[in-house]
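The following exercises concern a single protein chain.

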Amino acid sequence: MKVLILILVAVSIAAFWLGNRAAPPADNTPITQSESSGEVTVTATYQGDQIEVALDTHSVDLSNFDFGKSISPAPTSVQATTDSPHHRRAILKFNRLNLPFTLVISNLANIPQRKLVFERG
């Protein structure tokens, strides 16, 4: 009988301890990737369901680049934060992004595709 009571107490303590443990926090540490092909450097920072994309150059006019149409997966919204012809930045929002994923930038400064892979190391 004493063994049964000890087992029940041990199971109760274990259940209480497991049930009251806080879930580990989500890893929301930003991940930044960059790619330099041709005359434009692309830097993208992923955090949650948004990515900030920066395009930088000193020789190419970036005015005609469309963040919404030239990036895959397609963002649900685009908010330009800098719009100069040589330095453009935008915050891209997505319904859902699950790691790992690849951000593809198409037709930027005569480079058909640039790929940035986001994953936790």
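**Exercise 1. The open sheet**

In what order do the three strands of the open sheet lie, and is the pairing parallel or antiparallel?

*Solution.* The model is predicted.

Step 1. The three strands follow the order β4-β7-β8, and their pairing is antiparallel. Strands β4 and β8 are the edge strands, since each pairs on one side only.

Step 2. Consider the pairing of β7 with β8. Strand β7, residues 101-108, is joined to β8 by seven bridges in the antiparallel sense. Within this pairing, phenylalanine 101 stands opposite phenylalanine 118, and threonine 102 has valine 117 as its bridge partner.

Step 3. Consider the pairing of β4 with β7. These strands run antiparallel and are joined by two bridges. Here serine 72 stands opposite valine 104 of β7.

Step 4. Strands β7 and β8 make a hairpin with two residues between them. Alanine 109, in the turn, has a positive phi of about 50°.

Step 5. Six of the eight residues of β7 are buried, so this strand is largely enclosed by the rest of the structure.

**Exercise 2. Salt bridges**

How many salt bridges does the structure hold? Identify the partners and state where they lie.

*Solution.* Side chains of opposite charge can pair when their charged atoms come close. The structure holds three salt bridges.

Step 1. Glutamate 35 and arginine 114 meet at 2.9 Å, N to O. Glutamate 35 belongs to strand β1 (residues 31-37) and arginine 114 to strand β8 (residues 111-118), so the pair links distant parts of the chain, 79 residues apart. Both glutamate 35 and arginine 114 are buried.

Step 2. Aspartate 56 forms a salt bridge with arginine 89, with 3.5 Å between the closest N and O atoms. This pair also links distant parts of the chain: aspartate 56 is in strand β3 (residues 50-56) and arginine 89 in strand β6 (residues 87-93), 33 residues apart. Arginine 89 has a relative accessible area of 27% and is therefore partly exposed.

Step 3. Arginine 88 and aspartate 83 form a salt bridge of 2.9 Å, N to O. Arginine 88 is buried because its relative accessible area is 7%, whereas aspartate 83, at 52%, is exposed.

**Exercise 3. Aromatic rings**

*Solution.* A pair of aromatic rings is described by the distance of the centres and the angle of the planes. There are four aromatic pairs in the count.

Step 1. Tyrosine 46 and phenylalanine 118 form a tilted pair, 6.1 Å from centre to centre with 50° between the planes. Tyrosine 46 lies in strand β2 (residues 40-47) and phenylalanine 118 in strand β8, 72 residues apart. Both tyrosine 46 and phenylalanine 118 are buried.

Step 2. Phenylalanine 101 and phenylalanine 118 form a stacked pair, with 5.1 Å between the centres and 15° between the planes. Phenylalanine 101 is in β7 and phenylalanine 118 in β8, so the pair ties together parts that are 17 residues apart in sequence. The relative accessible area is 10% for phenylalanine 101 and 0% for phenylalanine 118.

**Exercise 4. A loop residue**

Is alanine 74 buried or exposed?

*Solution.* Step 1. Alanine 74 lies in the loop between β4 (71-72) and β5 (77-83).

Step 1. The cut-off for an exposed residue is a relative accessible area over 50%. Alanine 74 has 55% and therefore counts as exposed.

How values were computed. Residues are numbered from 1 along each chain as its sequence is written. This is a predicted model: local features need pLDDT of at least 70, side-chain atom pairs count only at pLDDT 80 or more; totals for chains, interfaces and linings use all residues. Side-chain values use heavy atoms; hydrogens and water are left out. A salt bridge is a side-chain nitrogen of Lys or Arg within 4 Å of a carboxyl oxygen of Asp or Glu. Helices (H or I, at least four residues) and strands (E, at least two) are DSSP runs, numbered from the N terminus. Buried means under 20% relative accessible area, exposed over 50%, partly exposed in between (1.4 Å probe, protein chains only). Two strands pair if DSSP finds at least two bridges between them. Rings of Phe, Tyr and Trp (its six-membered ring) pair if their centres lie within 6.5 Å; planes under 30 degrees apart count as stacked, over 60 as edge-to-face and the rest as tilted.
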